[in-house]
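The sequence and structure come first, and the notes follow.

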Amino acid sequence: ELVFMDKKILIDHLFLERDMQFLSIDGVLSNDPEDDVEVNAINVHIEEFASIFFPDVDIKGRLNGSLEISTPFTSVAIDGDLSANQVYINDQEIGDINVGGNWDNEQERFFLQGKLMYLQERTFDFGGHFYPLRADNNLDFILNFSEMDIQFVNAFMDPDVLSDISGTIKGNLTVKGKTESPIIDGKLNLFNANVKVGILGVNYKVAKGPLRFDGDNNGIYAELPVKDEEGNDAYIFGQVFHENFENWNMDLDFVFDERMRKRGAPQNRLLVLNTKYKEGEVYYGKAYATGTANINMHDNITEINVTARTEKGTKIDLPMYGSGEISEYDFISFEKDSITNIDDKVNLTGVLLNLNIQPTTDAEVRLIFNALTEDVMVANGNGDLNITADRFGNVFMMGQYTISSGKYNFVMN
């Protein structure tokens, strides 16, 4: 029963049940602090209501717990505990989440605390106060990360771009300031991390590296030692900035040149490509390089600048076959000293690309006209190539490549 009275709402044993889910609401809402409403949830499916607030995210789990709500028309007070069990986001397991809190009427603040349990281990917890009546400084929280698993990040990534993300983070952050512009300070350490870069087909690992949060400048800074899947070394220097968690900007520098030896790296090359043939691929194979790269993301534009030289062990295959004869291919057109790639399968819209590649005789390039008959041209050489792309997806290649040695296994049908 639901009864509306003068400045009061009476809720008399409102009970909802479906498929072993139970939700009950009982009590009185008014300005009298002695009145309250108790809400009890048992085995409520989170996906039943999560899709309303997060339509693009698949959230699953079971909600249990109770809340007591009073004085909602003046300064709302809420006491209780809620737990979300077996939580999954986009099929990635998060764990069990527990949140509890109570209202301090004298200090006019909520005390909130919570924890995350993953595989029966406590991996994250937080505690602090929220001052809803303050115009400024209404947040005062401490976040503790105890080897928190980061696999859940996979749920928010395009697997064709980044996948197989794993690792743990440990450290402490403080959250202060206003709700709409929180100030986050502190340091986290990343342990045993892995990420696979889809376009390269390579797994990169970080054994340990710091992430520093600077709340005054809305910045996150990283200096991470990286290894490829063969143990070769590189370094990433990163800066991420935001405006109150909007308008994100990112600047990443990748170093895999002779400076790595000064840091004690045993090998002076990095695996930058390790892919197999797939229908429609313009190139595939295995490539090693030394050099530098920068990725800058701002205003929905991604700028990629690479300066690299191929190294020993590089073998790149360029498939020149398909459903028709080689003379029918139109994905490469020759224009004086330039080669313009017009294959519309490669979508680089919004990307500004500038690749300065120095091929060496250590690199082997194979032009495959017919894989079944082994109609293949193999070449080694050197030169300087510049590959650029504008934000409209137009790709250009210019430069000179001189073949120093090679062979052609010609097959006549």
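A residue counts as buried under 20% relative accessible area, as exposed over 50%, and as partly exposed in between. The model is a predicted one. By that scale aspartate 36 is partly exposed, because its relative accessible area is 31%.

**Chain overview**

- The protein chain has 413 residues, and 35% of them count as buried.
- Its secondary structure comes to two helices and 26 strands.
- Among contacts in the chain with a separation of 6 or more, 44% are between residues 24 or more positions apart.
- The chain exposes about 24700 Å², of which carbon and sulfur atoms supply 53%.

**Negative patch**

- A patch of negative charge on the surface gathers Asp12, Asp26, Asp32, Glu34, Asp36, Glu38, Glu68 and Asp79.
- Aspartate 36, one of these residues, sits in the loop that runs between β3 (21-30) and β4 (37-45).
- Membership of a patch requires over 30% relative accessible area, and aspartate 36 has 31%.

**Nonpolar patch**

- Phe49, Ile52, Phe53 and Phe54 make a nonpolar surface patch of about 460 Å².
- Within this group, phenylalanine 49 belongs to helix α1, which covers residues 47-53.

**Glutamine 86**

- Glutamine 86 is part of strand β6, residues 77-89.
- With a relative accessible area of 56%, glutamine 86 is exposed, because the value is over 50%.
- Apart from neighbours within four places in sequence, glutamine 86 has contacts with Lys60, Gly61, Gly95 and Asp96.
- Isoleucine 97 is eleven residues from glutamine 86 along the chain, and the C-alpha atoms of the two are separated by 8.5 Å.

**Threonine 360**

- Threonine 360 is located in a loop, between β23 (351-358) and β24 (364-370).
- Although it lies in a loop, threonine 360 is buried, because its relative accessible area of 15% is under 20%.
- Not counting residues up to four places away in sequence, threonine 360 touches Arg309 and Thr310, as well as Gly381 and Asn382.

Notes
Residues numbered from 1 in each chain as written. Predicted model: local features only at pLDDT ≥ 70, side-chain atom pairs only at ≥ 80, totals over all residues. Heavy atoms only, no water. Patch = residues over 30% accessible without salt bridge, like charges linked within 9 Å, V, L, I, M, F, W, Y side chains within 5 Å. Areas by Shrake-Rupley, 256 points an atom, 1.4 Å probe, with all protein chains shown as cover. Salt bridge = Lys/Arg side-chain N within 4 Å of Asp/Glu carboxyl O. Lys, Arg positive; Asp, Glu negative; His and termini not counted. Charge placed at Lys NZ, Arg CZ, Asp CG, Glu CD. Helix = DSSP H or I, 4+ residues; strand = E, 2+ residues; numbered from the N terminus. Buried < 20%, exposed > 50% of the residue type's maximum accessible area, 1.4 Å probe, protein only. Contact = heavy atoms within 4.5 Å.
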